Amino acid sequence: MTEMVFCYCCRVHHPKDQMRPFKTSHGERWRCIRSIEAAARARQERDAFGQQQTAINREDSRRIAERTVQQRHEWPLHP
């Protein structure tokens, strides 16, 4: 099985061979090659990538929140 590593930029797990350690102000973090290459592009392309990734992250967060609410309704806590 391929080892998966969390990308702090995309907020998803990628295979380790698609990841690189990336130095940030908070220390070294893992970042996928796709996001590193997107950051090296022209400003318009970089901004478009950022907006696309933000939309993906928001949709993922919305789905997780919906699932959490649904699970709470399905499994009520009993005192």
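Is histidine 26 buried or exposed? In this predicted model, histidine 26 is exposed, with a relative accessible area of 65%. The residue is found in the loop between strand E3 (19-24) and strand E4 (27-32). Histidine 26 and valine 69 stand 43 residues apart in sequence, and their C-alpha atoms are 33 Å apart in space.

Strand E1 (residues 4-7) pairs with strand E2 (residues 12-15) in the antiparallel sense, over 4 bridges. Valine 5 has histidine 14 as its bridge partner in E2, and phenylalanine 6 has histidine 13. The hairpin has 4 residues between the strands, and arginine 11 takes a positive phi near 65 degrees in it.

In a regular strand, side chains alternate between the two faces of the sheet.

**Cysteines**

Cysteine 7 is buried, its relative accessible area being 0%. Cysteine 10 also counts as buried, because its relative accessibility is 1%. For the sulfur of cysteine 7, the closest cysteine sulfur belongs to cysteine 32 at 3.9 Å, which is too far for a bond. The closest cysteine sulfur to that of cysteine 10 is likewise in cysteine 32, at 3.5 Å, so this pair is also too far apart for a bond. A disulfide requires sulfur atoms within 2.5 Å, and by this rule the count comes to 0 disulfides.

**Charges over rings**

As for pairs formed between aromatic rings, the structure holds 0.

Helix H2 (residues 43-74) comprises 32 residues. From its first C-alpha to its last, H2 reaches 46 Å, close to the 46 Å expected at 1.5 Å a residue. Phe49, Gln53 and Asn57 are buried in H2. An α-helix has 3.6 residues a turn, so residues three or four places apart point the same way. The buried residues of H2 pack against helix H1 (33-39).

Which residues does serine 35 contact, leaving aside its neighbours within four places in sequence? Serine 35 has its place in helix H1, and its contacts beyond those neighbours are Cys7, Cys9 and Phe49. Serine 35 itself counts as buried because its relative accessibility is 1%, which falls under the 20% cut-off.

**The loop between H1 and H2**

Alanine 42 lies in the loop between H1 and H2. With a relative accessible area of 46%, alanine 42 is partly exposed; the exposed class begins over 50%. Alanine 42 and threonine 24 are 18 residues apart along the chain, and their C-alpha atoms are separated by 21 Å.

Key
Residues numbered from 1 in each chain as written. Predicted model: local features only at pLDDT ≥ 70, side-chain atom pairs only at ≥ 80, totals over all residues. Heavy atoms only, no water. Phe/Tyr/Trp six-rings, centres within 6.5 Å; stacked < 30°, edge-to-face > 60°. Helix = DSSP H or I, 4+ residues; strand = E, 2+ residues; numbered from the N terminus. Expected span 1.5 Å × (residues − 1). Buried < 20%, exposed > 50% of the residue type's maximum accessible area, 1.4 Å probe, protein only. Contact = heavy atoms within 4.5 Å. Pairing = 2+ DSSP bridges.
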